Amino acid sequence: MSVNLSELYSNQRTLFGRGSLDKLVPLLAARSQPTLLFCGQSFLQGAAYERIKADLNAQIIGYEIVSHEASPAEIDGWVARWRGHVDRVVAIGGGSVLDAAKAFSAMMQHPLPTARYLEKVGDSAVQPVTLPLIAIPTTAGTGSEVTQNAVVTDQRDIQIKASLRHPVFVPEVAILDPDLLKGAPDHVLATCGIDAFTHLFEAYLSAKGNLFTQQLAVTGLRQFIQAWPALNSEESAGDAARESMMMASWLGGVALSSAGLGVIHGIAGELGAIKPFHHGEVCGRLLFPFLDLLADSGHPLQQTLMSALHGQLFSEATDSPAQFLKTWLQQQAILPFWQGGPTLTGEEVKWILARANSKNSLVNYSREQMETMIAQAWRITA
């Protein structure tokens with residue numbers, strides 16, 4: 001048996017297409033039960049909510065607003081408030097909203113505090129029980145609507161960014177409506193999009209990967225390449241781009257669940273435990289120095305995979321697929337999100353490096369290589 005046996009996780013039901021948000025209310029009405037909505041403030045203030053507000057409110061008993069990556073204490077607070085009153089959850093928002101709803105849905109069925117079940121620090125195994133969840137992303141990046149993990153972050157007390165993880169935590173239903181991306185700020189479109197790319201790219205290069213997962217990733221990367229230059233266009237090209245990016249994000253979630261991620265996320269996960277940086281921007285900033293490492297790599301399988309990928313994504317010939325990809329990504333981006341921005345201190349870098357790892361990368365990257373990636377991604381202060 002292959003050591004790289006693939007396991008595929010995805011939603012029991014996925015609705016895809018422009019306007020598919022309109023399927024939500026009939027879906028809820030078909031099986032009436034106490035339902036809680038998790039969402040962001042921007043959704044409540046937007047045109048989509050205004051259009052379905054009256055009908056949706058008739059199907060829910062309340063809502064919780066999520067404005068950042070949820071902490072264990074916040075999840076415990078929601079569980080204490082709603083336990084015994086909620087039988088189903090709807091999540092409409094970005095990755096933080098969806099992860100919060102997934103964590104809540106799972107912890108509603110577990111007796112102990114959230115931190116007891118977290119990877120890295122928990123002492124109790126999660127059980128295969130959760131409330132049914134309908135996940136509706138309003139950004140295209142995390143793929144949380146199809147992953148088996150719910151990311152939980154505590155930057156104050158235990159300084160941890162980790163997951164609650166089980167196959168049953170994959171949302172029961174995903175509604176993928178690309179029109180929900182329309183009008184999003186360029187920074188959100190770009191940093192979420194590059195997050196989707198990083199999921200697909202690291203899954204493609206994963207040591208756990210095989211032909212099955214690689215082809216999943218390539219399919220998503222092709223969609224990304226079509227979408228990246230026109231994400232904010234108001235013309236028909238923009239509508240097509242947002243459809244492609246929504247598909248790329250979903251495929252990224254499937255690919256990472258099957259093949260895992262690499263050193264970029266091995267660093268980003270630890271950085272996210274102490275700094276409130278946008279996760280997609282973190283991944284994008286680390287991606288470019290990682291591509292420099294790939295360009296200089298002598299690892300034969302990495303080079304074979306990069307050459308094969310280039311031929312499937314681009315028609316132009318190149319001697320360096322990694323450098324070609326880096327240049328293309330930067331030249332075609334709707335916003336140079338990797339320029340300027342926040343800083344890290346030397347002590348923060350040491351803290352991150354003490355905990356970072358290469359995850360499922362084909363190469364076990366050294367502390368020095370990871371430090372170089374960080375230093376090229378952010379300005380380091382004393």
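The model I am reading is predicted.

Entry 1: I looked up the second largest pocket, which holds about 180 Å³ of space. It is lined by 15 residues, and the closest to its centre are Gln12, Val168, Val170, Pro171 and Glu172. Sorting the lining by the classes above, I get eight nonpolar, five polar and two charged residues.

**Entry 2: helix α4.** I went to α4, residues 72-82, and listed its buried residues: Pro72, Ile75, Trp78, Val79 and Trp82. Looking down the axis of α4, I find these buried residues within an arc of 125°, so they line one face of the helix. Ala73 and Ala80, on the other side of α4, are exposed. I then asked what the buried residues of α4 pack against. The partners are β2 (35-39), β3 (62-65), α5 (95-107) and β6 (149-154). Just after α4 I noted Gly84, with a positive phi of about 90°.

**Entry 3: strands β6 and β7.** From β6 I moved to the strand paired with it. β6 and β7 run antiparallel to each other, with six bridges in the pairing. Within it, I see Ala150 opposite Leu164 of β7. The hairpin of these strands has five residues between them, and there Gln159 takes a positive phi near 45°. Last, I checked burial in β7, residues 160-165: five of its six residues are buried, so the strand is largely enclosed by the rest of the structure.

Key. Residues numbered from 1 in each chain as written. Predicted model: local features only at pLDDT ≥ 70, side-chain atom pairs only at ≥ 80, totals over all residues. Heavy atoms only, no water. Buried < 20%, exposed > 50% of the residue type's maximum accessible area, 1.4 Å probe, protein only. Helix = DSSP H or I, 4+ residues; strand = E, 2+ residues; numbered from the N terminus. Arc of directions from axis to C-beta. Contact = heavy atoms within 4.5 Å. 1 Å grid on protein atoms, 1.4 Å probe; cavity = no way out; pocket = protein on both sides within 12 Å on 5 of 7 lines; lining within 4 Å. Points joined across faces, edges and corners; volume = space filled by probe spheres on them. Nonpolar A, V, L, I, M, F, W, Y, C, P; charged D, E, K, R; others polar. Pairing = 2+ DSSP bridges.
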